[in-house]
Amino acid sequence: MTINKTFSKAGLAAFPLCLLSALISSSVIAQTENESELNKQIGQEIERVLVRGRLQTAAESIVAERIEADKVVDILGIDQISRAGDSNIADALRRVPGLTLVDGKFIYIRGLGERYQNVTLNGAAVPSPDLTRNVIPLDIFPTSIVADIAVQKGYSADKSAVFGGGAIDIRTNSIPDSFMAYIGASGGINNLSDTYLDYPGGNDFGEEDGSRAFPSIVSSTLGSSFIDDGDLDISPTAIQATANRNGTNITFEEAEALNRELALSFNRDLDLSEKDRVVQDLGFEVGIGDTYDIGGEFTIGGLLTLNYDESVRTQDRISRRLEEPEEEFTETTKSTQDTSVTITAGIALKWGYDHAIESKNFFIRNTDDETFLSNEYNDTSGYSSGGGFRIFEGIFEQRELQINQMSGRHILGEDSRDLIGLGSTFLDDLELTWFFSDSNATTQIPNAFTSVATFSRDTATNEFSNVNISLGGIVSNGLQLDNLDLDDQLESSGFEMKLPLYAGDWAFELSGGARIDKRGRISDQLTLTIDGSSVVNSNVTDSISTRFSDEAISNPDNGFELSLETSEFSPSLAATKVEAIFGQVNIDWNDELTVVVGSRFEDYRQLSAIFDPLAVSSPILPNLDSSSFVEGELADGVFQDDGIYPSASVVYKMYDFWAETFKLNLMWSENVIRPDMREIVDTSFRDPVTDFIISGNSSVTPSDITNIDLRAEWFFESGNNFTVSVFHKDIENPIELFSQTATGNELRAEVLNAGSAEISGLEVEWMVNLEFLGDIGSLFFVQGNITNLFSNEIDASGVESDVTNAVRPLTQASDFIANVMVGFDSEDGNHSAGLAFNTFSERLYVSGASGFADSYEQPFDSLDFTYTYYVQEDLSVKFKAKNLLDAKNQITQKDNDGIDVTRFEQAVGQGYSVSVKYKF
């Protein structure tokens with residue numbers, strides 16, 4: 001299906017202006033009709049009011065908070081999320097104005113990458129199980145645990161000073177006021193995933209079943225076996241040298257036999273196979289909660305929920321080399337088995353209205369078991385040559401996040417004053433809120449395997465033959481086994497006090513508080529290979545289990561050896577500590593003019609280092625002390641920075657200015673952007689999104705950013721609303737990735753500070769009931785938003801880099817973003833539906849280097865449909881259809897002749913699912 005982008009963009013840009021006119025007129029018409037109908041048939045009008053109230057439920061619950069907010073903020077309520085059918089927070093947030101989704105996990109706000117966002121859970125910072133980013137991947141949070149999501153785009157001093165695009169606060173379900181319970185189940189299909197690739201090995205509710213475990217005998221040997229120069233080694237030479245040092249003399253042949261025993265301890269039953277699965281998505285959810293009166297105005301309540309989801313996806317992708325796209329490319333079939341488990345447990349103790357203490361605890365496990373089968377044609381075996389390479393891969397990645405939070409709210413209200421015998425004073429309604437959060441994120445990749453085979457291909461029939469797994473040499477490293485562990489711990493705590501004061505038409509609120517965030521992140525990676533003699537093992541086979549069988553490895557004539565590969569991905573440690581104090585003054589006159597002035601002081605300290613595996617007790621999860629660090633690295637990785645970050649906001653409200661409430665908000669702030677923890681270590685890591693090898697840089701410094709926002713909002717009595725926002729951001733010394741010259745098909749980039757960057761644009765948002773179209777129209781509403789960037793540029797002219805275009809757009813920043821949803825509620829309230837469309841213009845994927853052009857990710861036009869049937873008050877059935885336009889992921893780059901080459905293309909497929917939920 002071909003879509004005229006120019007026409008669509010122009011039409012969508014004009015659409016909200018038409019809606020504003022219709023919205024204003026519909027409000028007047030509705031009031032006139034309502035008054036006339038009320039005089040004729042009271043009963044029928046009451047019914048219409050109830051229906052209309054239900055129709056606006058998705059918006060009314062959040063409108064009040066937006067009206068009262070003294071900052072630029074967007075609220076996404078659970079009703080809106082449910083109507084769109086989004087199953088995780090990442091999918092839900094892409095419908096907020098100015099937000100785009102990258103890699104299905106990360107949110108970019110107003111064209112600024114994930115480093116420019118600050119994500120919190122119930123106001124507390126949480127660590128990330130993602131291997132390459134500080135920011136937590138938002139797809140791991142199911143929407144079923146969410147009450148609402150606040151996206152604050154204008155800075156206030158009570159937020160972290162790391163603020164560029166915005167701050168996202170995920171607010172989870174609170175303890176219910178009365179008994180509630182629910183149970184639900186779901187199932188779905190994807191039109192591309194009825195078959196999938198697999199290999200032996202499974203999981204128990206997402207936890208690795210032990211088949212991929214790192215052998216303990218290899219771990220203990222690595223801890224003691226090394227060669228004379230001190231490098232970690234596991235070769236027969238190192239084993240013999242270690243034995244001799246310990247007084248046990250062995251021959252080299254005996255050392256070789258011991259090395260083969262270590263190789264035999266690894267699981268090598270890794271042959272790929274194709275399997276069928278009729279239903280690709282399965283899930284269930286349960287929850288129960290209640291609150292009890294325990295006397296003396298005390299109540300205690302609890303909430304317990306469990307969510308389980310599993311899915312299978314098969315995707316065909318192709319990546320091409322720019323110079324010879326028809327000759328040098330890789331065709332890959334990727335199958336992913338995903339398992340997610342989320343458990344929440346909460347308890348709350350309240351005393352009247354004045355005091356509440358609440359504990360929220362989360363356990364989230366998200367596992368991806370990925371299998372790859374690729375045919376690669378490169379500069380040594382092009383497509384027309386009749387030869388090529390077949391690559392077998394399997395990666396099991398298990399991510400876990402454990403969060404324990406405590407929070408409290410205490411008000412010096414009437415009941416509290418009576419309890420302590422205090423009369424009315426200027427301290428009336430003094431409020432104290434506090435929180436403490438202790439969280440830990442881990443990622444484990446045990447024995448991910450790669451094996452490469454050569455093949456012959458008939459260029460006429462495209463039939464493959466002589467698929468033969470290689471053993472060492474130029475082609476590959478035999479059977480390669482990668483092990484990676486990440487441990488990220490974060491402790492976050494803080495408090496805030498607010499004191500309201502009143503004088504006639506004036507209201508004042510003095511507030512201030514403090515916060516401490518302490519974080520430590522350690523990662524370690526080991527790569528081992530099992531190689532043999534290609535001459536001896538000349539039999540043709542495409543079976544990993546046959547090529548690396550017990551019989552083959554045990555035979556000394558075959559020359560198999562387990563080796564520890566040297567790698568540029570050194571074990572690394574990073575730690576940060578942020579101490580902050582802040583204060584704000586809120587001045588309100590007659591609920592019409594509000595001025596908020598605040599300031600925040602932050603002291604930021606960081607430490608990064610590469611540690612020595614020989615100094616630790618385990619090669620995977622080491623116990624660190626001062627002797628663990630490479631000499632000279634510790635001092636280079638120490639950095640300290642502090643600053644004062646001011647903010648100001650002016651809010652003006654008018655009533656009956658086109659709408660019931662008109663609100664104009666102007667905000668200004670000075671903020672900072674700091675590098676990710678992986679980027680401040682002088683080692684390399686592979687970015688799974690771009691496949692670039694990223695070189696860290698401990699000399700990278702934080703960026704300074706100036707934010708200016710102006711927002712006008714109209715809120716109508718019927719729940720309709722219309723918003724126009726203009727924003728501008730100036731960034732000094734922005735932190736960016738710069739492409740480096742690399743050999744072969746390798747992609748490389750380095751973390752550096754650029755000179756400057758700026759981004760500015762316009763956001764338009766609307767929510768309108770179509771009741772001006774008559775009775776049928778009153779059952780529908782249109783909700784949407786459009787973002788258009790006026791300026792989007794980074795200037796790296798002074799940076800020493802071989803980047804092709806020093807002046808270019810910011811990475812992943814789309815100049816145009818649109819979200820539109822048409823919603824429907826039946827008059828009897830038994831049926832609800834929504835059709836949601838999301839698109840963005842092309843955006844820079846990665847900058848080009850050495851004269852090659854920049855590459856761009858192409859638009860992904862997403863059209864999703866959701867229908868819910870409320871069988872009865874407590875029973876509902878939901879149907880969802882995803883990606884109805886069958887859009888694909890594509891990345892293009894111009895060659896030397898200026899012709900677009902599709903460097904990467906991946907099918908997503910269409911998904912259909914049905915879920916049932918019963919509330920007790």
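**Entry 1: Arg515 and its partner**

I started with Arg515, which counts as buried at 12% relative accessibility. The model I am reading is a predicted one. I looked up the partner of Arg515 and found a salt bridge between its side chain and that of Asp517, at 3.2 Å from N to O. Asp517 has a relative accessible area of 17%. I put Asp517 down as buried as well, because the cut-off for buried is under 20%.

**Entry 2: Glu602 and Arg674**

Next I took the salt bridge between Glu602 and Arg674, where the closest N and O atoms are 3.0 Å apart. This pair connects distant parts of the chain, 72 residues apart: Glu602 belongs to strand β24 (residues 593-610), and Arg674 to the loop between β26 and β27 (684-686). I checked the cover on each side. Glu602 is buried, with 1% relative accessible area, and Arg674 is buried with 7%. I then followed salt bridges that share partners, and these join Asp74, Arg110, Lys153, Asp709, Arg711, Glu713 and Glu763 into one network.

**Entry 3: Arg365 and Glu207**

I ran the search over the whole structure and noted 38 salt bridges. One that I looked at joins the side chains of Arg365 and Glu207, with 3.8 Å between N and O. Arg365 is in strand β16 (residues 355-377) and Glu207 in strand β11 (residues 207-208), so this bridge ties together parts that are 158 residues apart in sequence. Is Arg365 buried or exposed? I found Arg365 buried, at a relative accessible area of 10%. Glu207, by contrast, is partly exposed at 40%.

**Entry 4: the cores**

The largest nonpolar core has 36 residues, and the members that touch the most others are Val218, Leu479, Ile530, Ile544, Phe548 and Leu562. A separate core of 30 residues lies apart from it and includes Leu76, Leu99, Val135 and Ile145.

Which residues does Val218 contact, leaving aside its neighbours within four places in sequence? I listed Ile234, Leu262, Ser265, Phe266 and Leu528.

**Entry 5: helix α7**

I went through helix α7 (residues 236-245) for cover, and wrote down Pro236, Ala238, Ile239, Thr242 and Ala243 as buried. Around the axis they cover an arc of only 160 degrees, so they sit on the same side of α7. I then asked what this buried set packs against, and got α8 (252-264) and β22 (561-564). Just after α7 I also noted Gly247, which takes a positive phi of about 85 degrees.

**Entry 6: the nonpolar patch**

The largest share comes from β26, with 3 residues.

I checked Trp506 on its own. Trp506 is located in strand β21 (residues 506-531). Its relative accessible area is 41%, and I recorded Trp506 as partly exposed.

**Entry 7: Ser186**

I looked up Ser186 and placed it in strand β8 (residues 180-190). Its relative accessibility is 27%, so Ser186 goes down as partly exposed. How far apart are Ser186 and Ser915 in space, C-alpha to C-alpha? I read 4.0 Å for this pair, against a separation of 729 residues in sequence. I also listed what Ser186 touches, not counting residues up to four places away in sequence: Asp281, Leu282, Gly283, Asp309, Val914 and Ser915.

**Entry 8: Gly77**

At 5% relative accessibility I noted Gly77 as buried. I then took the C-alpha separation between Gly77 and Ala147 and wrote down 6.6 Å, for two residues that are 70 apart along the chain.

Conventions: Residues are numbered from 1 along each chain as its sequence is written. This is a predicted model: local features need pLDDT of at least 70, side-chain atom pairs count only at pLDDT 80 or more; totals for chains, interfaces and linings use all residues. Side-chain values use heavy atoms; hydrogens and water are left out. A nonpolar core is a set of buried Ala, Val, Leu, Ile, Met, Phe, Trp, Tyr and Cys residues joined through side-chain atoms within 4.5 Å. Buried means under 20% relative accessible area, exposed over 50%, partly exposed in between (1.4 Å probe, protein chains only). Contact means heavy atoms within 4.5 Å. Helices (H or I, at least four residues) and strands (E, at least two) are DSSP runs, numbered from the N terminus. The arc is that of the directions from the helix axis to the C-beta atoms. A salt bridge is a side-chain nitrogen of Lys or Arg within 4 Å of a carboxyl oxygen of Asp or Glu.
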